[in-house]
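Please keep the structure open while reading.

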Amino acid sequence: MTSEQMDVDRPPASGKEEGKKDSGTTPAPPSKLGPLKGVCELLERAVTHKQDVFVARTLRHVAAARRTEKAASYIRQFIMESLIPENETRSTLLGLLNEACPPQETDDEEIKRPSKLAQPEIEMCSRLLVVVYFVDKKEYETAKGVCIEAIAFLRKNSAARRTLHALGARLYFYYSLIFEKLGQLSDIRGELLGLYRSACVQRDGVGQETLLNLVLRNYLAYSLYEQAEKFRTRVQLSEHQSNQQYSRYLYYLGRIRAIRLEYTDANKLLQQALRKAPQRGALGFRITVAKWTTLVLLLLGEIPERTMLKMPGMREALHPYYLVANAVRVGDMPLFQQVAEEFAATFQRDSTHNLIVRLRHNVIRCKLRRISVSYSRISLADVAQRLGDISVEDTEYIVAKAIRDGSIDAVIDHTNGWVESKQSTEIYTTQEPQSAFHDRISFCLKIHNEAVKAMRYPPDAHKEQRKSVEERRERAREEQEMAKQLADSEGDDW
């Protein structure tokens with residue numbers, strides 16, 4: 001379409017627009033900072049007002065910048081405009097960026113002198129941007145060097161400037177991620193414990209909750225479940241945990257409970273972690289939690305819902321666990337062994353092989369339950385034949401243990417050598433409906449209490465309202481902007 005056709009198709013312009021055309025004004029060119037525009041102002045407001053909400057908004061700008069194609073150009077421009085020329089970090093970071101991505105002709109060399117009000121926060125944000133950039137490019141060695149220097153800088157300045165805590169917490173996350181990608185996660189375990197101790201001394205709530213999860217992840221990566229449990233019992237949770245960190249904590253705690261054979265508690269924790277995870281983002285986290293939840297439900301003698309294993313975007317990753325659940329449901333031992341051998345590498349990579357081995361007894365229980373429902377009386381020899389290559393004596397022990405555990409309601413007649421199932425009772429004559437109703441009420445009350453605690457009220461809300469209409473409009477604009485940014489970057493922290 002030509003420009004003349006486009007002009008014809010346009011609606012008639014108003015008088016104000018015609019006046020602008022006549023005056024010859026042109027729209028302002030786009031900022032060369034891109035999504036990083038306004039980061040310095042946010043950090044200065046955070047230092048001036050001593051409010052972490054502005055630092056949180058800064059981190060959303062960082063997440064938005066990494067999704068752009070010109071991330072290196074935006075980061076380079078931000079460093080040149082924000083850090084003072086006397087800062088040695090400025091030249092170091094620019095050198096790394098120029099080596100990885102040579103500057104273009106459009107990048108400015110002549111810039112105005114930046115403000116010194118929030119230089120420590122701006123320097124930490126610049127280091128974080130460079131670390132994120134090299135992590136996205138999978139240049140972990142370069143990111144490792146920048147991250148180590150940033151943590152050394154953080155140790156010197158975090159005690160005096162509390163506005164660095166939120167930036168430091170995000171840096172700790174990438175610090176652990178880099179060493180995990182390099183296969184050196186055990187090398188920083190002592191460093192993470194020292195950083196957690198420093199965060200407790202400085203009352204850094206954001207750093208505490210982040211480092212707690214990183215230490216637990218470090219232990220679980222090497223199957224050190226007892227050490228993880230001991231560390232967890234000796235720490236005190238922060239009063240105001242973020243939803244992302246609390247979901248991770250519930251997941252790690254659920255894994256520990258599952259390995260310690262506490263399946264009921266593990267199921268509750270994993271289900272809660274799955275509910276607290278964002279529904280539109282964090283796909284990898286939801287897949288991982290769904291894998292553990294499926295196995296824990298099977299170990300509890302329950303069959304997971306098909307919808308949980310067939311959710312969009314998760315079907316392919318959960319396919320091995322769907323086959324395992326199907327084998328347990330029908331009680332087919334040969335099919336279960338075939339699936340376990342075929343996807344052994346997948347289960348080892350997911351650290352769920354230990355739970356898969358435990359499921360063998362549940363397959364036998366499910367088969368016994370189906371036999372008990374189908375037959376009122378059946379010989380032990382026929383039961384052994386249906387269970388597979390098992391002797392009659394072993395079958396008798398297995399049936400006796402299933403009766404003792406309550407898996408089946410039957411009696412063994414040792415004289416005649418058969419199993420006689422008892423007549424099933426009406427479930428509504430028992431206390432199970434009352435127990436289920438009580439669990440649902442408790443769950444609803446717990447959700448209500450958590451929602452009340454999560455509500456935030458502005459300070460001095462009971463006092464006089466805002467003085468002018470302009471202030472109310474400005475606050476409404478800020479709230480709308482924050483809500484839009486939250487909606488756009490819901491899964492950035494995952």
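Arg 260 is partly exposed, with 31% relative accessible area; the term covers values between buried (under 20%) and exposed (over 50%), taken with a 1.4 Å probe and protein chains only. The model is predicted, so local features need pLDDT of at least 70 and side-chain atom pairs count only at pLDDT 80 or more, while totals for chains, interfaces and linings use all residues. Residues are numbered from 1 along each chain as its sequence is written, and side-chain values use heavy atoms, with hydrogens and water left out.

**Salt bridges**

Which residue pairs with Arg 260 in a salt bridge, with closest N and O atoms 3.3 Å apart? The partner is Glu 226. A salt bridge here is a side-chain nitrogen of Lys or Arg within 4 Å of a carboxyl oxygen of Asp or Glu. Glu 226 sits in helix H12 (residues 225-233) and Arg 260 in the loop between helix H13 (243-259) and H14, so the bridge ties together parts 34 residues apart in sequence. Helices are DSSP runs of H or I with at least four residues, strands are runs of E with at least two, and both are numbered from the N terminus. Glu 226 is partly exposed, at 44% relative accessibility.

Arg 257 and Glu 229 form another salt bridge, again with 3.3 Å between the closest N and O atoms. Arg 257 belongs to helix H13 and Glu 229 to helix H12, so this pair ties together parts 28 residues apart in sequence. Arg 257 is buried, at 14% relative accessibility. Glu 229 is buried too, at 10%. Shared partners join Glu 226, Glu 229, Arg 232, Arg 257, Arg 260 and Glu 262 into one salt-bridge network.

Arg 217 and Glu 180 also meet in a salt bridge, at 3.0 Å from N to O. Arg 217 is in helix H11 (residues 205-221) and Glu 180 in helix H9 (residues 164-181), 37 residues apart. Both are partly exposed: Arg 217 has a relative accessible area of 33%, and Glu 180 has 31%. The salt bridge count comes to twelve.

| Salt bridge | Closest N to O |
|---|---|
| Glu 226 and Arg 260 | 3.3 Å |
| Arg 257 and Glu 229 | 3.3 Å |

**Surface patch**

Phe 437, Ile 441 and Leu 445 make a nonpolar surface patch of about 310 Å². Patch residues have over 30% relative accessible area and no salt bridge; nonpolar side chains are joined within 5 Å, like charges within 9 Å. Leu 445 is in helix H23. Leu 445 is exposed, at 52% relative accessible area.

**Pocket and cavity**

The second largest pocket holds about 830 Å³ of space. On a 1 Å grid, a pocket is an open set of points with protein on both sides within 12 Å along at least five of seven lines; a cavity is a set where a 1.4 Å probe fits but cannot get out; lining residues have an atom within 4 Å of a point. The pocket lining has 23 residues, with Asn 267, Lys 268, Gln 271, Arg 275 and Phe 443 nearest the centre. Helix H23 gives the most to this lining, nine residues.

The cavities of 30 Å³ or more number two. The largest cavity has a volume of about 70 Å³. Ten residues line the largest cavity, and Leu 368, Ile 371, Ser 372, Ile 378 and Val 419 lie nearest its centre. Helix H20 gives the most to the lining of the largest cavity, three residues.

How values were computed: Grid points are joined across faces, edges and corners, and a volume is the space filled by probe spheres set on the points. Accessible areas come from the Shrake-Rupley method with a 1.4 Å probe; for residues, only the protein chains shown count as cover.
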